[in-house]
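Keep the 3D view open as you read.

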Amino acid sequence: MSKFKVVHYINQFFGQVGGEEMAHIPAEKRKGPVGPGLAFTKNFGDDAEIVATIVCGDSWFNENLELATETVLAMVKEESPDLFIAGPAFNAGRYGVACGTICDAVQTELGIPVLTGMYVENPGADMFRTKVLIVSTADSAAGMRRAVPAMAKLALKLVKGERIGASVEEGYIPDGVRRNFFDKKRGSTRALEMLLKKIAGEPFETEYPMPTFDRVPPMPAITDMTKATIAIVTSGGIVPKGNPDRIESSSASKYGSYNIEGVDDLTSETYETAHGGHDPVYANEDADRVIPVDVLRQYEKEGKIGKLHDWFYSTVGNGTAVASSKKYAAEIAEKLISYDVDAVVLTST
Amino acid sequence: MVKEIERAGIPVVHICTVTPISMTVGANRIVPAIAIPHPLGNPELPADEEYELRRKLVDKALEALSTEVDDQTIFEV
Amino acid sequence: MKLEVGYIDIKGIRFGDYNAVEDGILIVNPEPLLEPVLEDPLIKSAHFEIATPGESIRITPVKDVIEPRVKVEGGGGVFPGMVSKVDTVGSGKTHVLRGMAVVTAGPIVGFQEGIIDMTGVGADYTPFSKLHNLVLVMEPVEDFKQHEYEAAARLAGLRTAAAIGELARELVPDETVVYETPTIAESFKEEWKDLPRVGYVMMLQSQGLLHDTYVYGVDAKRTLSTLISATEVMDGAIVSGNCVSACDKNTTYHHQNNPVIHDLLAVHGKKINFVGTIITNENVYLDDKIRSSDWTSKMARYLSLDAAIITQEGFGNPDTDLIMNCTKLEKQGIKTVIITDEYAGQDGKSQSLADADELANAVVTGGNANEVVVLPPLDRVIGTLDYVDTVAGGHAGSLRPDGSIEAELQIITGSTNEMGFNRMSAR
């Protein structure tokens with residue numbers, strides 16, 4: 001009995017090429033399993049084997065979406081696999097987006113089953129959860145030991161064409177399809193237990209999340225830019241040299257407000273980035289590459305804009321919980337309103 | 001963050017590289033950036049050319065802020 | 001109110017020359033039981049059949065499922081206002097023939113009767129496949145009005161269940177449980193001071209046109225939200241008069257064995273202070289919905305509730321009543337959990353409920369009623385397969401030539417029950 005053939009996609013870090021400084025490498029194919037592929041091999045047992053691994057830089061993939069997708073698709077096609085898996089990406093945003101994108105493409109173009117895994121707050125999860133099956137993982141590679149067996153098990157079901165159960169049964173991120181299953185306890189008991197938790201203020205999980213329609217209507221455009229006050233906000237983690245507020249490089253617990261009155265240009269002497277999610281070199285050399293203080297100051301002097309707001313607001317958007325970001329932004333918004341700021345340029349890395 | 005600030009009543013333009021994320025998350029005015037580690041720059045270029053590149057992106061951003069939109073819109077440079 | 005319930009376990013049913021329960025076996029002599037049924041001019045013919053768990057039997061169309069009970073002591077008789085007089089029930093002593101049910105079946109009334117399979121895949125989805133069922137199959141006269149026939153069939157089932165329940169009067173129960181519900185004054189006693197005050201809001205199907213529920217014989221359509229004791233419900237104060245989708249219709253059996261009531265009573269005085277039960281309806285007029293839900297939240301305030309479980313019956317516009325009840329309680333600071341079921345489409349991708357609100361953040365689901373299931377052909381049919389294609393959940397071609405049925409779970413009686421009777425859920 002022959003084993004199912006699997007192709008595995010991983011990033012430069014798990015491919016043991018390097019860290020952020022190697023995020024720019026283009027996709028390359030290697031024979032057999034690499035890195036976490038070895039753990040997958042163990043879990044697949046006699047049923048499946050990884051015949052090839054595609055290692056790709058997260059930045060290269062995200063900055064060249066079309067080319068990267070085409071390239072990787074061709075590599076996968078060459079192998080004629082029965083199954084394609086990617087990641088797990090945990091909370092790495094670019095990696096999650098890459099996994100979701102390439103899985104979606106393989107599923108659509110090559111018609112073979114696909115599976116990936118990532119943390120529920122990974123941007124890739126929201127983008128692809130209804131298109132591609134995504135196993136729910138921890139938010140860091142410390143969760144590898146749990147993620148791989150869960151992914152391997154579900155992957156084998158997919159490739160064998162077996163029935164996929166409900167999200168809680170199989171461990172994947174709810175994909176927008178409701179599926180019935182038999183729980184351990186009857187509904188009334190589940191309701192009582194849920195109520196007791198709710199009363200005690202303990203966390204509980206609803207069995208049916210109400211649909212949310214969270215779109216914010218666009219605010220009216222600026223009619224006269226020459227009179228407008230523009231403020232800079234960034235998730236790129238630009239901070240004064242030395243990071244006086246100690247904003248964390250990942251999962252920021254705060255944001256900073258930094259005064260740029262009289263500052264025409266950001267330099268490597270005066271500013272740096274606290275962002276730990278990408279190669280910091282370029283931002284450290286010239287922080288204007290992340291927040292365009294130089295251009296906006298010039299425009300202020302030329303009268304193209306009314307004023308560049310005296311403060312910029314900065315946090316690190318690397319693995320930062322959505323709830324935290326919302327909180328920071330709400331506080332920042334309050335400040336902006338008190339200063340009569342007319343519009344915001346928000347930059348992200 | 002983009003949505004929270006807009007929710008408070010201030011128009012926002014989001015300059016970012018991975019625009020699909022911005023779309024999913026729900027920003028209304030989006031300008032695609034150059035690259036993740038340097039969204040408004042390109043270290044390959046000599047300083048003056050890089051400045052010019054940045055200026056064009058800022059122009060596009062200001063244009064987005066000056067344009068009425070009904071729905072999520074990507075403003076390409 | 002205090003009610004002592006004696007459970008007599010039924011292990012089998014057989015036909016015989018007399019009516020009695022002996023050593024856990026129900027012996028049925030059909031003639032005396034059929035006499036009162038046939039007295040109704042609308043019923044042309046009736047007979048009994050027996051369905052045992054595990055047998056290859058399909059019962060359809062199923063109208064109601066009723067548990068035989070009898071009031072041994074205390075005021076009133078079972079099914080007050082329907083079979084017995086209107087005297088208040090819920091105290092004293094009641095005997096129950098547990099492990100069996102009277103099932104009414106026969107040609108269709110509305111297009112919402114269901115199927116009970118005693119074995120196979122279908123059996124997993126209904127609690128009634130685990131009971132010894134005495135099926136009363138009825139046939140109406142030629143020219144009948146639907147709602148009159150529904151009333152006739154309903155009464156026939158309740159009378160039969162009461163008559164069989166009567167056989168338990170002198171028996172010694174296998175198990176006795178005492179249920180006690182406090183008065184409002186008692187609910188404030190010192191001993192329970194630190195327990196959360198929890199209420200149960202029971203929504204009753206009252207859409208009319210064969211979608212009705214009766215409380216002491218009163219059509220729930222015509223009621224304002226009010227209080228009822230958990231023990232009254234155990235004595236059959238609330239009976240089903242509806243042929244709503246079989247999957248989420250609360251049969252009389254569900255009312256008699258309300259799982260929310262039982263689970264709340266089990267922890268009353270220990271984890272919670274189960275203060276009381278509010279019943280409310282689901283009418284088709286917006287004013288009624290507003291009035292009823294306002295009344296419900298008013299009663300909840302009178303009871304000084306900290307929290308409540310809300311159960312629904314049916315789907316579609318009652319989802320609005322559900323959300324109204326939930327949000328009005330939540331806005332008063334009363335924490336809620338709602339139990340509902342879903343109509344998320346056969347592909348599971350549609351919006352499960354017709355209405356929504358972010359305050360409804362604690363939901364228990366009985367499952368997606370649109371999920372398609374294939375029921376295997378079974379050896380014997382009690383009733384008729386004539387209506388399989390047209391009942392809710394079925395479609396043209398549901399009944400296949402080989403006798404198997406491809407239909408939505410909607411078609412299985414009790415499959416997505418919104419009182420939380422079953423273990424089925426969805427994600």
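Contact means heavy atoms within 4.5 Å. Of the two pairs of chains that touch, chains A and B have the most contacts. Chain B and chain C are joined by no contact, and their closest C-alpha atoms lie 18 Å apart.

Some ground rules come next. This is a predicted model, in which local features need pLDDT of at least 70, side-chain atom pairs count only at pLDDT 80 or more, and totals for chains, interfaces and linings use all residues. Residues are numbered from 1 along each chain as its sequence is written, chains are lettered from A and ligands numbered from 1 in the order in which they are written, and side-chain values use heavy atoms, with hydrogens and water left out.

Start with chain B. Its secondary structure comes to three helices and three strands (DSSP runs numbered from the N terminus: helices are H or I, at least four residues, and strands are E, at least two). From the N terminus on, the order is α-β-α-β-α-β. Along the principal axes, the C-alpha atoms of chain B fill a box of roughly 40 × 25 × 20 Å.

Now turn to helix packing. Two packed helices are described by the angle between their axes and the distance between the axes. Axes are lines fitted to C-alpha atoms, for helices over the stretch in contact, and angles run from 0 to 180 degrees between N-to-C directions.

Within chain A, helix H1 (residues 36-44) packs on helix H6 (residues 144-160) at an angle of about 50°, with the axes 9 Å apart. H1(A) and H6(A) are therefore oblique to each other (under 35 degrees is roughly parallel, over 145 roughly antiparallel, 65 to 115 roughly perpendicular and the rest oblique). Their crossing is right-handed (the near helix is turned clockwise from the far one by less than a right angle; anticlockwise is left-handed). H1(A) brings residues including A:Phe40 and A:Phe44, and H6(A) brings residues including A:Met144 and A:Met151. By class, the contact of H1(A) with H6(A) has eleven nonpolar, one polar and no charged residues (Ala, Val, Leu, Ile, Met, Phe, Trp, Tyr, Cys and Pro count as nonpolar, Asp, Glu, Lys and Arg as charged, and the others, Gly among them, as polar).

A second packing joins two chains. Helix H8 (residues 187-200) of chain A meets helix H6 (residues 259-266) of chain C at about 45°, with axes 8 Å apart. That angle makes H8(A) oblique to H6(C). H8(A) passes H6(C) in a right-handed crossing. A:Ser188, A:Thr189 and A:Leu192 meet C:Pro259, C:Val260, C:Asp263 and C:Leu264.

Of its 24 lining residues, the closest to the centre are A:Arg186, C:Pro127, C:Lys130, C:Phe421 and C:Asn422. S12(C) gives the largest share, three residues. The lining has twelve nonpolar, five polar and seven charged residues.

The whole structure holds three cavities of 30 Å³ or more. The largest cavity has about 80 Å³ of space. Twelve residues line the largest cavity, and C:Lys63, C:Asp64, C:Glu150, C:Arg154 and C:Lys249 are the closest to its centre.

Definitions and conventions
1 Å grid on protein atoms, 1.4 Å probe; cavity = no way out; pocket = protein on both sides within 12 Å on 5 of 7 lines; lining within 4 Å. Points joined across faces, edges and corners; volume = space filled by probe spheres on them.
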